[in-house]
Amino acid sequence: MSQLPIFGQGLVEGGPVPRITSLLIKPASAVCNLDCEYCFYLDREADPYSALPGRRMTLETLERLVDTYLFYSYPSSVFAFQGGEPTLAGLKFFEKLVEFQQEFGRSGQMVSNALQTNAMLLDKDWCNLFRQYQWLLGVSLDGPQEINDRFRFNKEKRGTWKRVMESVELLQAEKVEFNVLCVLSQANVEKPRELYKFYQSAGIDNLQFIPLAEFAPDGTPLPYTITPRQYGRFLCEVFELWWPDRRKMRIRVFDNIAEALAGQKPGNCTMHETCDSYLVVEYNGDVYPCDFFVESGWKLGNVNLDSWGEIARRTRRYSFASKKTIAHPDCQVCEYQSICHGGCPKFRHGPHGKFEELDYFCEAYKMIYAKSVEPLRKELRRLYPSPVG
């Protein structure tokens with residue numbers, strides 16, 4: 001089947017090679033100490049490592065990773081750690097990471113570290129590392145106790161809220177910078193005001209909302225999956241709550257829309273023109289173009305065997321990056337195309353395995369853009385008199 005014409009500056013094999021601007025590293029692969037009901041990795045048939053025991057990155061692989069990436073990515077290098085649960089690799093692993101970065105970094109090079117965690121293992125020693133080296137943490141917390149514990153629980157099916165809140169209070173006391181990632185599921189998507197007030201009362205002023213959409217093999221949404229209209233209504237109501245607090249509270253999706261309107265590249269890859277801004281590194285050094293597509297068919301190489309230049313030029317990287325540029329007819333006439341760029345390939349591919357389809361959340365995007373674009377554009381023009389798109 002022939003593809004529709006691409007829009008934007010679609011990736012062209014043989015043209016300039018887009019640099020790898022950041023890494024998402026999984027030092028414990030998809031292994032986790034929790035058993036959240038909606039977890040993306042549970043029973044995932046395509047996971048090439050699911051049958052392998054003891055999935056932990058070795059110090060040899062870590063050293064090779066740091067050495068080669070710092071050399072390749074000069075002058076700015078971003079290391080982001082995720083899982084599963086990355087703290088299962090142990091504090092000493094991350095202390096060794098910092099040693100390697102200090103050893104292999106060059107004068108004037110900027111190195112940033114971030115880590116997404118369920119916060120179950122955090123203590124003062126972890127806080128000392130994060131504070132000393134100015135790490136940015138993302139803590140998973142889906143709202144008040146009865147909401148969070150509906151889907152987020154440990155291996156014994158006990159809720160995680162109390163332990164996570166202890167870690168949040170510790171991070172605040174230890175002055176460690178962090179934001180909260182809230183997964184929007186059927187447990188909380190109809191409660192935007194309750195969520196907003198809860199985070200506000202907990203002193204949490206940096207939020208990221210992650211819409212949940214997982215599907216059965218026949219394309220049927222799984223029970224905890226939210227609908228596009230639910231997501232759109234949620235964001236619109238949160239925008240109204242947030243607008244008077246916009247100088248005191250950060251919400252990533254609104255930041256991203258403002259970045260796009262200001263002509264900057266949004267922090268969220270969902271709003272990029274192509275999917276080529278970061279790469280995933282598995283515990284054994286295998287490299288993939290996206291965490292939602294850690295599948296053998298999308299493997300780009302291995303840091304123990306390949307250079308970053310070779311990985312960046314792999315045909316599969318061009319192929320994956322171009323999936324986002326497949327223009328659905330509705331996108332080609334949409335007034336928000338220059339902001340959205342077709343949405344996320346995961347949500348296009350998820351229901352029926354076709355990148356050519358509309359993003360599952362297309363309706364939600366249109367709702368929040370209609371609500372937020374003009375107020376944000378006016379605010380940007382007020383703050384920065386130079387032209388804003």
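Predicted model: local features only at pLDDT ≥ 70, side-chain atom pairs only at ≥ 80, totals over all residues.
View 1. In helix H8, which spans residues 252–261, the buried residues are Phe254, Asp255, Asn256, Ile257, Ala258 and Leu261. The cover over these buried residues includes helix H7 (228–242), together with E7, H12 and H14. Just after H8 comes Gly263, whose phi is positive, at about 80 degrees.

**View 2. The largest cavity and its lining.** The count of cavities of 30 Å³ or more comes to one, and the volume of the largest cavity is about 120 Å³. Its lining is made of 14 residues, and those that lie nearest the centre are Cys331, Cys334, Cys340, Cys362 and Lys366. At least two lining residues are supplied by each of helix H11 (329–332), helix H12 (337–340) and helix H14 (362–383), and H14 gives the most, with four residues. By residue class, the lining divides into eight nonpolar, three polar and three charged residues.

**View 3. The open sheet and the pairing of strands E2 and E3.** The sheet is open and is formed by 10 strands with mixed pairing, in the order E7-E6-E5-E4-E3-E2-E1-E8-E9-E10. Its edge strands, each of which pairs on one side only, are strand E7 (250–251) and strand E10 (301–302). Within this sheet, strand E2 (residues 76–81) runs parallel to E3 and is joined to it by six bridges; in one of these pairings, Ser77 has Val111 of E3 as its bridge partner.

**View 4. Strand E8 between its two partners.** Strand E8 covers residues 278–281, with Tyr278 and Val280 pointing one way and Leu279 and Val281 the other way, and all of these residues are buried. Strand E1 (residues 22–25) runs parallel to E8 and is joined to it by four bridges, and Ile25 has Val281 as its bridge partner in E8. Strand E9 (residues 286–288) runs antiparallel to E8, with two bridges between them, and here Val281 stands opposite Val287. Four residues lie between the strands in the hairpin of E8 and E9, where Gly285 takes a positive phi near 95 degrees.

View 5. Asn118 is located in the loop that runs from strand E3 (110–117) to helix H3 (124–132). Asn118 counts as buried because its relative accessible area is 4%, which falls under the 20% cut-off. The side chain of Asn118 reaches the backbone nitrogen of Met120 at 3.0 Å. Neighbours within four places in sequence aside, the residues in contact with Asn118 are Cys32, Asn33, Leu34, Glu85, Arg152 and Val164. Ala119 lies in the loop between E3 and H3 as well, and the phi of Ala119 is near 70 degrees, a positive value in a residue other than glycine. Ala119 is also buried, with a relative accessible area of 0%.

View 6. Gln134 is found in the loop between H3 and strand E4 (136–140), and Gln134 is exposed, since its relative accessible area is 69%. Although Gln134 and Val176 are 42 residues apart in sequence, their C-alpha atoms are 7.7 Å apart in space. Lys175 belongs to the loop between helix H5 (161–173) and strand E5 (178–184), and with 68% relative accessibility Lys175 counts as exposed. Lys175 is not a glycine, yet its phi is positive, at about 55 degrees.

View 7. Most residues other than glycine have a negative phi, and most peptide bonds are trans. Tyr74 and Pro75 are joined by a cis peptide bond, for which omega is about 10 degrees, and Pro75 lies in the loop between helix H1 (59–73) and E2. A cis peptide bond also joins Gly83 and Gly84, with omega at about 5 degrees, and Gly84 is found in the loop between E2 and helix H2 (91–104).

Note on methods
Residues numbered from 1 in each chain as written. Heavy atoms only, no water. Buried < 20%, exposed > 50% of the residue type's maximum accessible area, 1.4 Å probe, protein only. Polar contact = N/O pair within 3.5 Å; in protein donor to acceptor, adjacent residues only side chain to side chain. Contact = heavy atoms within 4.5 Å. 1 Å grid on protein atoms, 1.4 Å probe; cavity = no way out; pocket = protein on both sides within 12 Å on 5 of 7 lines; lining within 4 Å. Points joined across faces, edges and corners; volume = space filled by probe spheres on them. Nonpolar A, V, L, I, M, F, W, Y, C, P; charged D, E, K, R; others polar. Pairing = 2+ DSSP bridges.
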